[in-house]
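Reader: I have a structure to read and would like to know what the terms applied to it rest on. Please go through them one by one.

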Amino acid sequence: MTVVTVPPPSPNLALNQLVDQRRAEGVSLVHLAFGEARLPVLPQLAEQLALGAARAAYGPVAGAESVRRAVAGYFTRRRLPTEADRVVVAPGSKPLLMALQLVIPGDVLLPRPAWNTYAPQAVYAGKKVFGVPIPTECGGVPAPGALRETIRRARATGADPRLLVLTLPDNPTGTLAPPAVIRELCALARAEDLLIISDEIYRDIVHDPGTTGFLSPAEVAPERTVVTSGLSKTLGLGGWRIGVARFPQGDTGELLRDAVLTAAGEIWSTLAGPMQQVAEYAFAEPPEIVARMRASARLHGAVARAVHRIAVEAGAACRPPTGGFYVYPDFEPLRDLLAGRKVTDSASLAGRLLEVSGMVVLAGHLLGDDPHALRFKAATSLLYGNEQQQEEALRADDPTRLPHIAGELARIAEGFARLKGAA
């Protein structure tokens, strides 16, 4: 008899099913669990999609040269000089990350916590996963000292950590690692011969680029860094599935790119032609694309900071968000109080928030965090309302004062109050 091994359901799938069940029961929820950008589609992008409808041929696995040139230009404008032959496009960044897990040998080092897809992909690829605590000031990267110690211990047990995955800015904490930390990690990667995947899908959602410096590992250790990105977060095109990867120059980069293309030919063949039309246009960054990205970064920043303020006022510790659309509260300061409400770990915290407060969050242990910690991820981009309300929010000087967003923020504050209330 053939035995089929069924992996555990993803947290996204399980939460979606729970949310659908509660809504079917008529329960009103504040949904903060998933990282969907929730932005209206720019009309110019819809026009490009229609123009590309006739592109029905398969095309090259790496993507048409014209779209790869546009992506190369995008990276070059961000201090990462790139040639088109170093670029691969794909149906989303997830397949690219999976292909990289498949072709890069050795085990994987992740920040703890980290986006909930990284670890399962590594396990599917047959790798061991080592979570490394993040620094006090930011997420998306391991603390350098803890990383060095984790590598030493892993090798002492016979493991072979070879791949370091970073997220800049971070999902789930909504923070960006400062340049000094990136330089220290790149020096450590060279000393320990690690390859780096820098997931920069949130790069264009730094809330205040003038005061928050962005340094890519590909600027510091270009010979060993693959950069991944896409259009799901910056332009709200999650359902269109457009992802890109930039491979380093030199023999290592060429070998990695060729190996990823070999895997891609068996997994996804090529990015859909109409989406390549969209990608070529978007990555060329005409004025309306630049304006939308700036407006979305302002919106994401304003609402994330508002949720951060509410969490801190409720008694949580929380890193101030500087990029993306997440906050990651830690209710450890209220542990004694919450223990009286039978909240003792991340699972019971998320459960009480749902049952008592009608708030759906992603518990920290589902992101690789310490299960006993009182932490969770809140995706603030889910508060913008319907498409018309999203447009209004993008144009508003202070979107948090709009009635539909202010109402959701008030419900979050009330939800945290109920969390601490009588059992």
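**Rings, strands and a pocket**

Author: Phenylalanine 331 and phenylalanine 376 are both buried. The model is predicted, so local features need pLDDT of at least 70 and side-chain atom pairs count only at pLDDT 80 or more, while totals for chains, interfaces and linings use all residues. Residues are numbered from 1 along each chain as its sequence is written, and side-chain values use heavy atoms, with hydrogens and water left out.

Reader: What makes a residue such as phenylalanine 331 buried?

Author: Buried means under 20% relative accessible area, against over 50% for exposed and partly exposed in between, with a 1.4 Å probe and protein chains only. Phenylalanine 331 and phenylalanine 376 both count as buried.

Reader: Why is the pair of phenylalanine 331 and phenylalanine 376 called stacked?

Author: Rings of Phe, Tyr and Trp (its six-membered ring) pair if their centres lie within 6.5 Å; planes under 30 degrees apart count as stacked, over 60 as edge-to-face and the rest as tilted. For phenylalanine 331 and phenylalanine 376 the values are 6.0 Å centre to centre and 15 degrees between the planes, so the pair is stacked.

Reader: What makes the pair of tyrosine 74 and phenylalanine 283 edge-to-face?

Author: The ring centres of tyrosine 74 and phenylalanine 283 are 5.2 Å apart and the planes stand at 80 degrees, so this pair is edge-to-face. Tyrosine 74 belongs to helix 3 (residues 65-76) and phenylalanine 283 to helix 10 (residues 273-283), so the pair ties together parts 209 residues apart in sequence. Helices here are DSSP runs (H or I, at least four residues), as are strands (E, at least two), numbered from the N terminus. Tyrosine 74 and phenylalanine 283 are buried too, and Tyr74, Phe75 and Phe283 form one aromatic cluster.

Reader: How do you know that strand 9 pairs with strand 12?

Author: Two strands pair if DSSP finds at least two bridges between them. Two bridges join strand 9 to strand 12 (residues 376-379), so the antiparallel strands count as paired. One partner of tyrosine 326 across a bridge is alanine 379 in strand 12. The open sheet has three strands in the order 9-12-11.

Reader: Why are strand 9 and strand 11 called edge strands?

Author: Strand 9 (326-327) and strand 11 (362-363) each pair on one side only.

Reader: Which kinds of residue make up the lining of the largest pocket?

Author: The lining divides into 11 nonpolar, 14 polar and seven charged residues. Ala, Val, Leu, Ile, Met, Phe, Trp, Tyr, Cys and Pro count as nonpolar, Asp, Glu, Lys and Arg as charged, and the others, Gly among them, as polar. A pocket is an open set of points on a 1 Å grid over the protein atoms alone, where a 1.4 Å probe fits, with protein on both sides within 12 Å along at least five of seven lines; lining residues have an atom within 4 Å of a point.
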